[in-house]
Amino acid sequence: MRLRSLLPVLLAGLAASAGAASAQDLTGTLKKIKETGQITLGYRDSSVPFSYLDNNQKPVGFAMDICYKIVDAVKSELKLDKLEVKLNPVTSATRIPLIANGTVDLECGSTTNNVDRQKQVAFTNTHFLTANRFVTKKSSGLTKFEDLKGKTVVSTSGTTNIKMINEYNAEKKLGITILPAKDHAEAFLMVETGRAAAFVMDDVLLASLAAGSKEPTAYVISTDALSKPEPYGIMLRKDDAAFKKVADAATAAFYKSPEAKTTYDKWFMKPIPPRDINLNLPMSEALQTAFAKPSDSPDPASY
């Protein structure tokens with residue numbers, strides 16, 4: 001009778017020991033999250049529509065939605081009843097240091113995944129692909145770069161975009177007049193006022209400028225591009241295989257699901273806060289392929 005009465009106590013002790021061992025086996029970010037009950041997301045304040053502040057100064061956006069999918073996966077992986085989400089603002093200058101020093105666990109924005117950055121941090125599967133295209137007025141009838149022959153176009157000074165259009169113009173001998181602008185706003189204004197037929201820049205930036213203009217439906221973005229698609233990814237700490245495994249599995253499952261297209265359309269094909277602008281940027285074939293076969297590759301040729 002005494003042994004029988006002790007059995008539940010012994011079993012409970014074994015279970016507790018197993019749980020303790022499991023917690024002790026955790027490393028890196030997962031261990032930190034388990035011990036603190038918190039996960040910290042880094043957000044941008046104006047990276048529309050990936051991560052920015054709405055009317056209530058709350059971080060929202062396509063990348064934020066993806067990060068919350070990872071948060072759910074971490075909570076499930078660690079078998080936590082509650083997981084507090086802390087939000088920490090980051091900038092282009094602070095995002096990598098704050099990931100590397102442990103202040104931020106996930107950076108939810110529009111950060112390009114490339115070889116140089118992978119020396120400092122890691123990325124989960126690609127959530128967007130941007131390429132060098134041009135925006136023009138629909139009335140111009142211009143859809144491809146070859147259509148710019150003999151035209152005046154503008155691009156922002158000091159960017160890879162203006163370098164590419166200059167090289168393309170020289171190679172194809174198209175006689176394009178290429179004007180440098182001091183910033184994106186000035187370049188778009190030149191198209192808006194008819195001083196340039198097209199503005200060459202990253203397609204997502206062009207979509208945002210067109211959507212925020214006085215007459216959004218008057219503009220169209222070129223069908224072809226001068227560059228291979230550059231991948232954006234959610235950033236996390238380097239050499240943290242266990243945490244990356246959870247993030248990769250969560251993003252891969254999301255991208256392969258119908259919810260990914262619905263979420264994309266929510267941010268890129270419908271009015272978004274705070275001004276209810278519509279980017280009208282359909283999901284590209286390259287991104288559809290990337291979602292069907294999730295990858296964290298920094299190589300544009302992979303897409």
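What share of the 303 residues of the protein chain counts as buried? I looked this up first in the predicted model, and I note that 45% of the residues count as buried.

**Entry: overall layout**

I recorded the secondary structure of the protein chain as 10 helices and 13 strands. The C-alpha trace spans about 95 × 35 × 35 Å along its principal axes. I then turned to contacts with a sequence separation of 6 or more, and found that residues 24 or more positions apart account for 73% of them.

**Entry: the two domains**

I noted that the chain is divided into domain 1 (30-130 + 230-276) and domain 2 (132-221). Their C-alpha centres lie 31 Å apart. Eight residues from domain 1 and four residues from domain 2 take part in the contact.

I next looked up the area between them: domain 1 and domain 2 bury about 440 Å², with 48% of it on carbon and sulfur atoms. On the side of domain 1, V48, T130 and R275 supply 63% of the area buried against domain 2, more than any other three residues. What does the rule find across this interface in the way of salt bridges? I found zero salt bridges there, while two residue pairs are in polar contact between the domains, both at pLDDT 80 or more. Strand 7 (residues 121-130) gives the largest share of the side of domain 1 that touches domain 2, namely three residues.

**Entry: S227**

I located S227 in the loop between strand 12 (219-221) and strand 13 (230-237). Is S227 buried or exposed? Its relative accessibility is 18%, and the cut-off for buried is under 20%, so S227 counts as buried. The side chain of S227 reaches the backbone nitrogen of N132 at 2.9 Å. Leaving aside residues up to four places away in sequence, I found that S227 touches A131, N132 and M164.

**Entry: helix 6**

I examined helix 6 (residues 184-192) and listed A187, F188, M190 and V191 as buried. These residues cover an arc of only 150° around the axis, which puts them on the same side of helix 6. I recalled that an α-helix has 3.6 residues a turn, so residues three or four places apart point the same way.

Against which elements do the buried residues of helix 6 pack? I listed strand 8 (132-137), strand 9 (152-156), strand 10 (177-181), strand 11 (198-202), helix 7 and strand 12.

I also inspected the ends of helix 6. D183 caps the N-terminal end, with a side-chain oxygen 3.3 Å from the backbone nitrogen of A185. Just after the helix, G194 takes a positive phi of about 85°.

**Entry: helix 7**

I continued with helix 7 (residues 203-211), where the buried residues are D203, V204, L206, A207, A210 and A211. Seen down the axis of helix 7, they fall within an arc of 155°, so they line one face of the helix.

**Entry: salt bridges**

How many salt bridges does the structure hold? I counted 10 salt bridges and looked up several of them.

D65 pairs with K266, and the closest N and O atoms are 3.2 Å apart. K266 is partly exposed, with a relative accessible area of 40%.

E167 forms a salt bridge with K163, with 2.7 Å between the closest N and O atoms. Both residues lie in helix 5 (residues 160-172), four residues apart, about one turn of the helix. At 43% relative accessibility, I recorded E167 as partly exposed.

K244 forms a salt bridge with D248, the closest N and O atoms again being given as 2.7 Å apart. Because K244 and D248 are four residues apart in helix 8 (residues 241-256), about one helical turn separates them. Are K244 and D248 buried or exposed? I found K244 buried, and D248 likewise.

Methods. Residues numbered from 1 in each chain as written. Predicted model: local features only at pLDDT ≥ 70, side-chain atom pairs only at ≥ 80, totals over all residues. Heavy atoms only, no water. Buried < 20%, exposed > 50% of the residue type's maximum accessible area, 1.4 Å probe, protein only. Helix = DSSP H or I, 4+ residues; strand = E, 2+ residues; numbered from the N terminus. Arc of directions from axis to C-beta. Domains from an automatic or database assignment. Contact = heavy atoms within 4.5 Å. Buried area = accessible area lost by both parts, 1.4 Å probe. Salt bridge = Lys/Arg side-chain N within 4 Å of Asp/Glu carboxyl O. Polar contact = N/O pair within 3.5 Å; in protein donor to acceptor, adjacent residues only side chain to side chain.
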